[in-house]
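Opening the notebook on this one. I want to go through a few spots one by one and jot down what I find.

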Amino acid sequence: MMTSYAHPEVLVSTDWVKENLGTPNIKLVEIDVDTKAYEAGHIPGAVGFNWQTQLQDQVRRDIISKEAFEKLVGDAGISPSDTVIVYGDNNNWFAAYGFWLFKIYGHKDVRLMNGGRVKWLNESDKQLVTDVPQPTPVQYKATGPHLEFRAMVPLVFEASKGGWNLVDVRSPDEFTGKVIAPPGMSETAQRGGHIPNAKSIPWSTAVAPDGTFKSANELRSIYIDQKGVDPNKQTIAYCRIGERSSHTWFVLKYLLGLENARNYDGSWTEYGNLVAAPIEKA
Amino acid sequence: MDHTKRVYNDIFEMLPTEENPSPMVRINRLNPNPDFPLFAKLEWMNPFGSVKDRAAWTMLRDLEKRGEINEKRGIVEPTSGNTGISLAAMARARGYHMRAVVPNKVPLEKKLLLKIAGADLDVISDELCPAPGLGDGSINLAKTHAKAQAHRYAMPNQYENEHNVQAHLQTTGPEIWRQTDGRITHLFVSLGTCGTVSGTSKFLKSKNPEIKVIAVQPTEGHDVPGLRNVSQLGVSKLFDSSLVDDILEIEFRLAYARALDLCQNEGLLAGPSSGLIFEGTREIIMRDKKGLGVMIFPDNIFKYTSNMAKHIAGLMSGTQA
């Protein structure tokens, strides 16, 4: 039997975005791993957020403050009542992270463009432009932070004792500790391995060859039937710096309907540096 | 054109053809099987320094013929270096601008050569996390430029451009057939865009279906610029498995060790992809016992001294006063 996603309203297609280009209360936001991509070309009207300089607090290690979020989003001309469509490269890694941030600060209607920028890029009827929009700034009033979306260290310790779904979405070599980070990455850790009781389910498991999410049936079969994620338990997804895990968090919470799913944005670059924290290898 | 005198009106007349083939040199000291003569086809003798001269020229000529490029509208291309260097030098010599998008892993020598040849350079951090089906970052960024600024850029796209195969069907294949008097039994190549393997194999198999085509690939997570592991081949639309008899996977570090062997024992200053091919070839000539093998050596070692220093222990020692 075909089942649908638990919350299909958080996903829009590239065709939907094309049909709704220029609609006043629909705002497009591009967030990429490769921050050059937006500059090279983006969907008409889309603003670009830089994950390194605009979504992270530039002094302490944290997400941006509520005030900084209000300023960033307000300056982009986005109001709390707008529909925000986030998309980006690498199958929406940082777009999913941006989606998560919008949720933390209480934005009501935020959605991901299924397939991300690569799908748009490869469709011949979709346009890309280089001109950067100049939105009129608005006053944005955020709510929250809604921390039920976020896992911090004490909760991760709790989860590592068992009885939770702890999902490690990094590559198998990072999970086993063969490597601490993918080659060439500057953010790293003192130790390799994974959090005790974590299951290895690489983020790409959720993605079809065209970059869109797999169907609800496929996702259910992989995550729940094959990998043993229990929908009745609390869930934490983690990776290295919290972007790939945002992608899986999105899948677990909104596509599969695991209501108590959280993203551990500290991820391995926090956990793998903690003194005396238990680690499993292989 | 008189190839015996080797006096040319422009650099393009030097490009390889059946009448002016890239040289083939016999492997002597390093061939372990006397019943299996082996020849290396030295593609670095092409005027822009690599096998990619062939595809670059054929793709560029096609864009010219179709009126796709002019002094305002140049080229953007994703490249691990060699295609970009050939294309940039050719494009600039004919009055077009060129932008090359390269993965960060590409050695510094190649990045500098691209700039020296006149390309604008975009370097992107690629391969953050292995992901089946995920588009390659440099290909996507090049496509973005071509789509967002179609008035400034045409994109040959060597990964999908049939002229990349045609180049080898028209030159590499006929050259090898003629240079071996039709006696070739085994062709050894590496896999990147797969233009070389598809075009050359198609020609040779049309002459003699018994010829075995062996493709050599590095292990996953490798550091051999220009080559692809089979898991990364999804991005190339030019790979045709019916044209390949065997695919060997070779530990990538051996590419560097064998390149060093070729430099130090045969006088062949071969780059790491040639080293990888040579390692795979040695396995096959011991297995198949008799034959005549041709290895396509894509480029020489000069662009890889920094990579050699990284992968050959002790190479750096004694290089400083």
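I started with B:Asn164, which sits in helix H5 of chain B. This is a predicted model, so I looked at confidence too: chain B has a mean pLDDT of 92, and 95% of its residues reach 70 or more.

Buried or exposed, B:Asn164? Its relative accessibility is 1%, so I put it down as buried, the cut-off being under 20%. I then looked up what its side chain does, and found that it reaches the backbone oxygen of B:Gln158 at 2.8 Å. Apart from neighbours within four places in sequence, B:Asn164 touches B:Ala55, B:Met59, B:Gln158, B:Thr193, B:Gly195 and B:Leu238.

Next I went over the helix itself. H5 of chain B covers residues 162-179, which is 18 residues. From first C-alpha to last I get 25 Å, close to the 26 Å expected at 1.5 Å a residue.

I checked both ends. At the start of H5(B), a side-chain oxygen of B:Asn161 comes to within 2.8 Å of the backbone nitrogen of B:His163. After the helix comes B:Asp181, with a positive phi near 50°.

What do the buried residues of H5(B) pack against? I noted strands E2 (38-42), E7 (186-190) and E10 (293-297), plus helices H1 (52-65) and H6 (195-207), in chain B. Among the buried residues in H5(B) are B:Asn164, B:His168, B:Gly173, B:Pro174 and B:Glu175.

Then I moved to B:Asp245, in the loop between strand E8 (212-218) and strand E9 (246-250) of chain B. I have B:Asp245 as partly exposed because its relative accessibility is 39%. Its side chain makes a polar contact with the side chain of B:Lys205 at 2.8 Å. The B:Asp245 side chain also reaches the backbone nitrogen of B:Val213, at 2.7 Å. Leaving out neighbours within four places in sequence, I list B:Lys205, B:Ile211, B:Lys212 and B:Val213 as contacts of B:Asp245.

Over residues 128-135 of chain B, pLDDT stays under 50. For that stretch the model has 19 contacts beyond four places in sequence.

Conventions. Residues numbered from 1 in each chain as written. Chains lettered and ligands numbered in written order. Predicted model: local features only at pLDDT ≥ 70, side-chain atom pairs only at ≥ 80, totals over all residues. Heavy atoms only, no water. Helix = DSSP H or I, 4+ residues; strand = E, 2+ residues; numbered from the N terminus. Buried < 20%, exposed > 50% of the residue type's maximum accessible area, 1.4 Å probe, protein only. Contact = heavy atoms within 4.5 Å. Polar contact = N/O pair within 3.5 Å; in protein donor to acceptor, adjacent residues only side chain to side chain. pLDDT = per-residue confidence, 0-100. Expected span 1.5 Å × (residues − 1).
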